[in-house]
Amino acid sequence: MDRTLIACVLAALATACIPDRLCDTVEKDNRCDSDGDCVVVFCAANCDNCRVVVSRKQADRAYCLVIDGDEVPDRCREAYEELSCSSLPPICPPPGTPRCSEGKCVPVVE
């Protein structure tokens with residue numbers, strides 16, 4: 001893992017300020033052709049973020065977004081473990097079922 005990135009993430013953790021860009025998505029990347037293009041994700045670098053529905057492309061481009069069921073990537077694992085995210089889940093409403101509607105990924109609450 002890039003030592004500079006680790007230092008930056010750890011410095012941010014020390015100041016209790018997680019850079020938002022680690023989990024930012026780009027709205028223009030929210031495109032889909034089918035429900036399979038949409039996923040539920042969580043931010044491995046910020047325990048306070050709730051799970052949300054995004055497109056796979058958005059998830060792939062955001063540095064520390066993790067698709068539900070996937071492992072936290074090595075690049076974000078140290079921040080994730082430092083925050084103890086796995087033991088302190090936020091209280092959030094269900095993210096909804098990921099669906100493709102009119103070419104965009106949206107959550108559908110059933």
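Is the disulfide of C38 and C105 right-handed or left-handed? The torsion about its S-S bond is about -85°, so the disulfide is left-handed. Before we go on, some housekeeping: this is a predicted model, where local features need pLDDT of at least 70 and side-chain atom pairs count only at pLDDT 80 or more, while totals for chains, interfaces and linings use all residues. Residues are numbered from 1 along each chain as its sequence is written, and side-chain values use heavy atoms, with hydrogens and water left out.

**Stop 1: the disulfides**

Keep C38 and C105 selected: their sulfur atoms are 2.1 Å apart. This pair links distant parts of the chain, with C38 in strand 1 and C105 in strand 5 (residues 104-108), 67 residues apart. Helices (H or I, at least four residues) and strands (E, at least two) are DSSP runs, numbered from the N terminus. C38 counts as buried, at 5% relative accessibility, and C105 is buried at 5% too. Here buried means under 20% relative accessible area, exposed means over 50%, and partly exposed is in between (1.4 Å probe, protein chains only).

The structure holds five disulfides (a disulfide is a pair of cysteine sulfur atoms within 2.5 Å). Next, select C23 and C43, whose sulfur atoms are 1.9 Å apart. The torsion about this S-S bond is about 80°, so the disulfide is right-handed. C23 sits in the loop between helix 1 (3-14) and strand 1, and C43 in strand 1, 20 residues apart.

Now try C50 and C92, joined with a sulfur-to-sulfur distance of 1.9 Å. C50 lies in the loop between strand 1 and strand 2 (52-55) and C92 in the loop between helix 3 and strand 4 (97-101), so the pair ties together parts that are 42 residues apart in sequence. C50 is partly exposed at 29%, and C92 is partly exposed at 27%.

**Stop 2: rings**

Which two residues form an aromatic pair that is tilted? Select F42 and Y80: they are 6.2 Å centre to centre, with 45° between the planes. Rings of Phe, Tyr and Trp (its six-membered ring) pair if their centres lie within 6.5 Å; planes under 30 degrees apart count as stacked, over 60 as edge-to-face and the rest as tilted. F42 lies in strand 1 (residues 38-43) and Y80 in helix 3 (residues 74-83), so the pair ties together parts that are 38 residues apart in sequence. Both F42 and Y80 are buried.

Then pick Y63 and look for R75, which lies over the face of the ring, at 4.9 Å from the ring centre. (A charge sits over a ring if NZ of Lys or CZ of Arg is within 6 Å of the ring centre and within 35 degrees of the ring normal.)

**Stop 3: salt bridges**

Side chains of opposite charge can pair when their charged atoms come close. The structure holds eight salt bridges, each a side-chain nitrogen of Lys or Arg within 4 Å of a carboxyl oxygen of Asp or Glu. Select D29, which is buried, with a relative accessible area of 4%. D29 forms a salt bridge with K57, the closest N and O atoms being 3.8 Å apart, and another with R61, at 3.3 Å. K57 is partly exposed at 42%, whereas R61 is exposed at 54%.

For the last stop, select E71, D74, R77 and E81 together: a network of salt bridges links them.
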